[in-house]
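Please keep the sequence and the picture in view while reading.

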Amino acid sequence: MFKFRNAAIIIAVLLVLLLIFSACGRKGSLETNIKPTISITSYEGVEEPALIDSISPASFQQKIYWEASDEDGVVDKYAFRVVDEDMQPFSNIQGDIIGTPGYEIVDENGWVYHYQTGADETIPLELSDSKTIWTDQVYAIINFPANQDGDSTDVTSVFEVKCKDNLGEECEESAIKYFHVNSLKPSCTVRSTKGDIAGKTIGIGIVFSFNIIDKDQFVGSIPDYFLFKLDKKDLLGALITGDEGYSDIVWTTKYERDIEEYEVTLDDYEGTRAALKLNNIENSVPQDSTYITAWAVDLAGIVSDSVTISFIVKEGFYPGTLIYNGIKQGNIEPGNNLFALGANQFVTYIDASLGRLIPSVMTLEGTHYSTPFWISKDGEYTAIHSNDMKIYMKWGYYGEYQNNSPNPPNKKNANVLDERTGKQYFSEIRFYDLRMDGEAYYYAPLPGSEFNILDEETGKEWLRVPVSHAIAQQTIITGLSSGIHRFEVRPVDLQNVPDKTPSEFIFNLFAPVPFNEKEGILILDDSDDNLMISPEAYVDSLYQEYYFADYTGRVDFLDRAWLAVNIKNSKFHFDNAEFCPTDLQSYKTVIYHSDNVINKGAFAEEYDVINLYLKGGGNLVFSIGANLQTNVLRDVRNWAFPVLDRYFGVDSSDEESILILEKDGVTALNPPFFNLPYFIKAIPDNGFTEEIDLMIPSFHPFVNIHPVLQIEVNAMGPVAYFDESKLDENTTVIYRFGCISAGDGPLDPANYEYNTYNEQPVGLKRQVGESKCYVFSFPLSYMEPVQVKEMLNQIIDEIEIVQ
């Protein structure tokens, strides 16, 4: 036992000795660490100060590379500094150790500080506790000083870099290069961010804009910072001092977020910032001026010659607000960039004049595009409400855009104009204040507890939105109920002065009227007044009085021409629609007449209004003539409006689905009422039993007597007819063309013409969902009133009794 224990001890001792000897030659406590080495690889600069005189001065800005190695380990970090040729760090006039532009924060020996890995870099480096002189950088762009007390001169500086290995040991010798550099003296300009203010009158808040012009090769005009001083002088140029004047402080932009700009107001923030002072103005004449003197300091530390400009500081300016909704505000009528989109508020076509994308949504029936609000007959801005309604609102200020319109091709000027005078006062917008329905606008990411402000003058509370925020100038309003709503906005400028007359947009969201709650008849007059072709007094008496004299419900009417003069806003709906869906939606039936057969007729332009009305379960009776083919069909084809297809079963993709009378290249409209007077009546079909005769004598003299031949006509030509083979199977023909008999007279049709035109469809009926739609391609006001009245009463009974 004893012998075994001794043997075990001997073996253990031998193993320890073996381990010790086997460790020889390895790095560790038993071997001295070999320190890393470093060298500068850039070709600029020299290694010895004695060689400086042998080279020409180089550019003050140098990109310097270095490399290091470690024979028995790994190079871990680097540190670098710029010092004078005596190896002393640079200092400012206060004696503080300073770095060079781009590497300003240094330790007491001039070694450049960097953030440590994982440090909070939102904390300024000079205030951070997580900084170190060690970095992973293997190069640096150094702006060597090339000045003496701010004046341009050749300067010799030293760039020194060192490294340490993974054990923390530094290199034995750092790498050093001497750089002999120079730089040209720059020049300086000063203005405002909104333009030249020399000799101008400005408000009490402005942002000075400084610029450097530097002709150094390879570097360009890059400032380190700017210096400036404010003064006030009287009309004789004498300096004003004391409380009325300015201090002797020279201010710097060095610590601004943008060193080329400096914001000033009347507030000096307890002496920590430059501030403006009002100039003395008597009877609108300034008695003194404000002067700014500025200097540029380039990256080589060279200070430019001074530049001085003067201006007048005046209070009383404030910005003007514009909601870009196409509505006149003050004395300005802005462009429209306000759109709404919902199940009951959309269009199916983007007008070519837009020149940009607008909000839209894909549906089973195609794309629904947002559209401006409609203008009702009472001048209200309206839309039909739906739970998915979105209102895309955009606003700004006087002078923001060319022509006060944000729409192409207008450019953004961004010049803040005084609301009262329209003059620029060189300010900027800082905030926008928003209200909705009598309260501060609610926007969850900007909680009211932090962003709401109370206007002590008016007692109103506003959401104050910083100008850089996503909703500063636009928002999407959702979740509104039906009813009247009011959106208010005002800009706040650098003076902290809001618009004293905020802009507002008042609009009415009408609850949709279900089809079974609609009642009455609305007559839409699109028959332009013409004494011969469509005498307004006579046509109005038919539609507004005679035809529906026996109807017991309400009968109302709207004149498109009157709306165009008294209500229209050309910036809404691209100069097209005049009627308004909210004016139509409560009526059971709309009678649309465009009986002036030589005028264009605007039925296609009113497509979106008619489409929304019929989509909501309304019913339509449409009276027109040959212009159904010459104008309406052409327009719906050009604009891809499916109104004829969807509601009348006419294939508008086929240009021959609707036709007019034609013979040997001459049509019934060439000229109208002169040629092919073949139509004398409408022949009933499919449930309609009474013929409708052309009224003889007619109010139109050419229907009675041919103007050239001076013979009786008693027929008319400017009507259209439908190609029955191209009608949808769900479309019913209810009236057919009644042609004058064939004969040998100068105005009689030949047999083949009679056979071509007689009994062609001229009246159609089609039901789409809850909506019944009727179209007549002959103008009803030209027909026997008693017979038309009977036919219309049958249609009204069909609509109202069944529904």
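Two strands pair if DSSP finds at least two bridges between them. Helices (H or I, at least four residues) and strands (E, at least two) are themselves DSSP runs, numbered from the N terminus. With these terms, strand S47 (residues 761-768) is joined to S48 by six bridges, and the two run antiparallel.

The model is predicted: local features need pLDDT of at least 70 and side-chain atom pairs count only at pLDDT 80 or more, while totals for chains, interfaces and linings use all residues. Residues are numbered from 1 along each chain as its sequence is written, and side-chain values use heavy atoms, with hydrogens and water left out.

**The nine-strand sheet**

S47 and S48 belong to an open sheet of nine strands, in the order S37-S36-S38-S39-S48-S47-S46-S43-S44, with mixed pairing. Its edge strands, strand S37 (555-559) and strand S44 (692-693), each pair on one side only.

Strand S48 (residues 771-776) is mostly covered, as six of its six residues are buried. Buried means under 20% relative accessible area, exposed means over 50%, and partly exposed lies in between (1.4 Å probe, protein chains only). In a regular strand the side chains alternate between the two faces of the sheet. In S48, Ser 771, Cys 773 and Val 775 point one way, and Lys 772, Tyr 774 and Phe 776 point the other way.

S47 and S48 form a hairpin with two residues between them, and Gly 769 in the turn has a positive phi of about 65 degrees. Strand S39 (residues 619-623) pairs with S48 in the parallel sense over four bridges. There, Ser 623 has Phe 776 of S48 as its bridge partner.

Lys 681 stands opposite Asp 693 in S44.

**Another hairpin and a helix**

Strand S24 (residues 360-363) and strand S25 (residues 366-369) run antiparallel and are joined by four bridges. They form a hairpin with two residues between them, and Thr 363 stands opposite Gly 366 in S25.

Is helix H6 enclosed by the rest of the structure, or open, and why? Eight of the nine residues of helix H6 (residues 607-615) are buried, so the helix is largely enclosed by the rest of the structure. Among the buried residues are Tyr 607, Val 609, Ile 610 and Leu 612. Just after H6, Gly 617 takes a positive phi of about 100 degrees.

**Backbone exceptions**

Most residues other than glycine have a negative phi, and most peptide bonds are trans. The table lists places that depart from this pattern.

| Site | Backbone value | Location |
|---|---|---|
| Asn 404 | positive phi of about 55 degrees | loop between S28 and S29 |
| Glu 759 | positive phi of about 70 degrees | loop between helix H10 (751-757) and S47 |
| Asn 670 and Pro 671 | cis peptide bond, omega about -10 degrees | Pro 671: loop between strand S42 (666-667) and S43 |
| Ile 696 and Pro 697 | cis peptide bond, omega about 0 degrees | Pro 697: loop between S44 and helix H9 (701-704) |

Asn 404 is buried, with a relative accessible area of 17%, whereas Glu 759 is partly exposed at 46%.

**Surface and distances**

Patches are made of residues with over 30% relative accessible area and no salt bridge; like charges are joined within 9 Å, and nonpolar side chains (Val, Leu, Ile, Met, Phe, Trp, Tyr) within 5 Å. A salt bridge is a side-chain nitrogen of Lys or Arg within 4 Å of a carboxyl oxygen of Asp or Glu. Accessible areas come from the Shrake-Rupley method with a 1.4 Å probe.

Tyr 65, Val 138, Tyr 139 and Ile 141 form a nonpolar surface patch, with about 330 Å² of accessible area together. Val 138 is found in the loop between strand S6 (131-132) and strand S7 (139-143), and is partly exposed at 39%.

Asn 516 lies in the loop between strand S35 (503-510) and strand S36 (521-525) and is exposed, at 52% relative accessibility. Asn 516 and Asp 267 are 249 residues apart in sequence and 66 Å apart in space, C-alpha to C-alpha.
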